[in-house]
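Hello,

Here is the structure I promised to pass on. Please have a look, and then read on for what I found in it.

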Amino acid sequence: MRIDIISSVPDLLASPLNESILKRAQEKGLVEIVVHNLHDYAHDRRKTTDDYPFGGEAGMVMKCEPVFELVEKLREERTYDEIIYTSPDGVRYDQHEANRLSTLGNIVILCGHYKGIDHRIREHLITREISIGDYVLTGGELAACIIADSVVRLIPGAIGDEASALTDSFQDNLLAPPVYTRPAEFRGWRVPDVLLSGDFARIARWQDEQAWERTERLRPDLLDDGNRNEAPKTPER
Ligand code: ADE
């Protein structure tokens with residue numbers, strides 16, 4: 001998979017994309033993440049990527065020319081499955097969308113900034129607008145990092161334990177069951193006995209029950225999504 005990220009503040013992306021699991025996934029050749037500095041595609045002396053909005057409103061608007069030039073150059077090199085724009089106006093990002101994106105070959109993520117981007121970019125270039133939540137960030141870079149992180153960890157081989165991505169919270173619309181590690185007792189608080197039993201069928205049943213109980217209590221909205229009438233599912237192990 002290849003992810004091209006377009007930003008006018010590319011330094012904001014460096015650390016989140018180059019540590020830990022994302023770093024290793026790139027080293028293993030599972031994903032190529034390329035960050036492009038939009039200023040490199042602005043041809044005036046000051047490398048301007050934004051301008052005043054028509055109509056006299058406050059704030060600056062990202063210009064068409066650098067974005068079109070860069071995306072068209074990328075498209076000459078390969079085809080893209082989605083050209084994503086990160087914006088609070090977009091569809092709300094969730095695990096289903098992360099799963100879908102992780103199956104694609106090449107995607108572009110254009111980080112929004114300033115007051116917005118010229119609407120012609122949205123109409124004629126962007127294929128998907130994504131919001132990471134109902135709040136406004138100073139720019140789309142953090143949203144792009146969240147999308148890249150959640151997608152890359154789903155690529156087979158990206159995380160050590162292949163099964164663990166499948167048992168994440170939100171896969172199957174269920175929250176994950178609680179997990180514990182050593183010591184078995186800390187300050188008098190004991191790990192549930194079932195987890196120490198060595199009986200893996202019983203442990204799996206307990207984990208399912210916990211997942212359902214926690215989802216009903218903490219995120220009942222997740223169960224409205226067609227999950228409510230299904231029997232608890234034991235993930236394959
Ligand atoms: N840019 C600013 N706010 C955003 C949000 N909530 N999601 C995605 N991109 C954004």
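Phenylalanine 186 is partly exposed, because its relative accessibility is 43% (buried means under 20% relative accessible area, exposed over 50%, and partly exposed in between, with a 1.4 Å probe and protein chains only). Tryptophan 189 has a relative accessible area of 58%, so it counts as exposed. There is 1 aromatic pair in the structure, and these residues make it: phenylalanine 186 and tryptophan 189 are tilted, at 6.0 Å centre to centre and 55° between the planes. For such a pair, the ring centres of Phe, Tyr or Trp (its six-membered ring) lie within 6.5 Å; planes under 30 degrees apart are stacked, over 60 edge-to-face, and the rest tilted.

A word on how to read this: the model is predicted, so local features need pLDDT of at least 70 and side-chain atom pairs pLDDT 80 or more, while totals for chains, interfaces and linings use all residues. Residues are numbered from 1 along each chain as its sequence is written, and side-chain values use heavy atoms, without hydrogens and water.

Leucine 142 sits in helix α6 (residues 141–152); helices are DSSP runs (H or I) of at least four residues, and strands (E) of at least two, numbered from the N terminus. At 47% relative accessibility, leucine 142 is partly exposed.

There is also an open sheet of 3 strands, ordered β3-β4-β7, with mixed pairing (strands pair if DSSP finds at least two bridges between them). Its edge strands, β3 (50–51) and β7 (116–117), each pair on one side only. β3 and β4 (residues 61–62) run antiparallel, joined by 2 bridges; aspartate 50 has methionine 62 in β4 as its bridge partner.

Best wishes
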